[in-house]
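Subject: Structure handover

Hello,

Here is the structure we talked about. Please open it and keep it beside you while you read my notes.

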Amino acid sequence: PISSIAMSEMSESELLMEEQRRRQYAHDLLNGCLKRGLAELCQEKPAEPVRWLAHWLLANNPNKPKVVMPAGKAPPIPTKQTISRDEIDAVFASRSGHTLSSHVTLVAETSGRSEYMAYPMPGAPGFLKAPQFSAGLVGQSSIEGCKHVIEAMQQGQGGVPEAVVWVSIRSEMVVYLQGEPYVLRALAHPDEPFDRHVDDGEELADLEDELKAEVEEEIRRQRGRLLVHDSSFQARWLSLEDGSVRTPHEAIPHATPPHQPFLYRPLPLPSSGPLSREEIVHVLSVLSPPSHGSSRAVVIASVYGCSCKPLVALTACMSERVGHAEEGAPLPRDT
């Protein structure tokens, strides 16, 4: 770029040429991509157009590095590492832990982007947000997805919240490997939820700590690798460094920006079926309204498609409305 001092010494014709050069530079780099992004923005009409366009430009950046193969050479075709049935059986038979036993496996959660076009963010499946109530829904997110969700919860009609409360209502045990969530499932049915009958979040957190320790022990025993199932339920080896395993109550708060008050609350609920009276009372106690004058954003996280997640989110919205109702005023109602 030319400094302001240098521009002051340029003639009128030179200034005109410099202006034309800048216009051409902007046209060459931004015209095609930006036009397409703005066209899709007009079609989608998201609640927060600036944020939507920023995510779209990142995902459709035409200047991303490309691999060019020499003439006459085709790019290598990636192949999955094959694992014999005997090897798989031997690994699972060697597991004898309390949580990581021979009858369970770790399954990768299906990754994906949010379907809510106001926030087309990667790693946050099913993310939805009710800006007027500062409440959001999301599936089990990657660490990158957690960062996007927490950032999105800073936006909305109510301004920046004083705190973010992340409530995980999943009763299955989860650990993070390479920044991605893996859920403990029955080996015979890796595609079905494996709910644990736990009394409270502290018990679930203790079990996840135990699972983490047993996973790290197997990684050391297998010399830096772990046998898991991917999202298509195929067995594969995962290379991991010692000390890289994280539990949700370690990984999710780590995604929070500095100086942002954050609270992670595990609240295990069944993934299907109605809630009992005791479970509803427990939800209300966790989602009690904040003190007068304070504000918070609540994120309800669980397995994608969990039937009771919308009910918990509705409870969070009602809790916020009751907390902000003026003294003596009638309580708000939802229809």
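Predicted model: local features only at pLDDT ≥ 70, side-chain atom pairs only at ≥ 80, totals over all residues.

Start with proline 49. It lies in helix H3, which covers residues 49-59. Now look for leucine 38. In sequence, proline 49 and leucine 38 are eleven residues apart. In space, their C-alpha atoms are 9.5 Å apart.

Next, go to serine 96. This residue lies in the loop between H4 and S1. Serine 96 counts as exposed, at 72% relative accessibility. Its C-alpha atom is 9.3 Å from that of glutamate 214. Along the sequence, serine 96 and glutamate 214 are 118 residues apart.

Then find arginine 170 in strand S4. Arginine 170 is buried, with a relative accessible area of 3%. Its C-alpha atom and that of glycine 139 are separated by 9.7 Å. Along the chain, arginine 170 and glycine 139 are 31 residues apart. Stay on arginine 170 for a moment, as it comes back below.

**Salt bridges**

Side chains of opposite charge can pair when their charged atoms come close. How many salt bridges does the model have? The count comes to ten. Here are some of them.

Glutamate 109 and arginine 170 meet through their side chains in a salt bridge, at 2.8 Å from N to O. Glutamate 109 lies in the loop between strand S1 (104-108) and strand S2 (128-130), and arginine 170 lies in strand S4 (residues 163-170), so the pair ties together parts that are 61 residues apart in sequence. Are glutamate 109 and arginine 170 buried or exposed? Both are buried.

Arginine 170 has another partner to look at. It forms a salt bridge with glutamate 172, and the closest N and O atoms are 2.9 Å apart. Glutamate 172 counts as buried, because its relative accessibility is 1%. Shared partners join Glu109, Arg170, Glu172 and Arg185 into one network of salt bridges.

Now move to arginine 225 and glutamate 87. Their side chains meet in a salt bridge, with 3.7 Å from N to O. Arginine 225 lies in strand S7 (residues 225-229) and glutamate 87 in helix H4 (residues 85-93), so this pair ties together parts that are 138 residues apart in sequence. Arginine 225 is partly exposed, with a relative accessible area of 28%. Glutamate 87 is partly exposed too, also with 28%.

**A charged patch**

Which residues gather in a patch of negative charge on the surface? They are Asp200, Glu202, Glu203, Asp206 and Asp209. Take aspartate 209 as your way in. It is found in helix H6, residues 201-221. Aspartate 209 counts as partly exposed, at 33% relative accessibility.

**Cysteines**

How many disulfides are there? The count comes to zero. Cysteine 42 is exposed, with a relative accessible area of 52%. Cysteine 146 counts as buried, at 1% relative accessibility.

**Backbone angles**

Most residues other than glycine have a negative phi. Two residues here are worth a look.

Arginine 223 has a positive phi near 60°, and it is not a glycine. It lies in the loop between H6 and S7. Arginine 223 counts as exposed, because its relative accessibility is 80%.

Phenylalanine 233 is not a glycine either, yet its phi is positive, at about 65°. It is found in the loop between S7 and strand S8 (235-239). Phenylalanine 233 is partly exposed, with a relative accessible area of 36%.

**Where to begin**

I would start with the network of Glu109, Arg170, Glu172 and Arg185. After that, turn to the negative patch that includes Asp209. Then check the positive phi of arginine 223 and of phenylalanine 233.

Best wishes

Terms used: Residues numbered from 1 in each chain as written. Heavy atoms only, no water. Patch = residues over 30% accessible without salt bridge, like charges linked within 9 Å, V, L, I, M, F, W, Y side chains within 5 Å. Areas by Shrake-Rupley, 256 points an atom, 1.4 Å probe, with all protein chains shown as cover. Salt bridge = Lys/Arg side-chain N within 4 Å of Asp/Glu carboxyl O. Lys, Arg positive; Asp, Glu negative; His and termini not counted. Charge placed at Lys NZ, Arg CZ, Asp CG, Glu CD. Helix = DSSP H or I, 4+ residues; strand = E, 2+ residues; numbered from the N terminus. Buried < 20%, exposed > 50% of the residue type's maximum accessible area, 1.4 Å probe, protein only. Disulfide = S-S within 2.5 Å.
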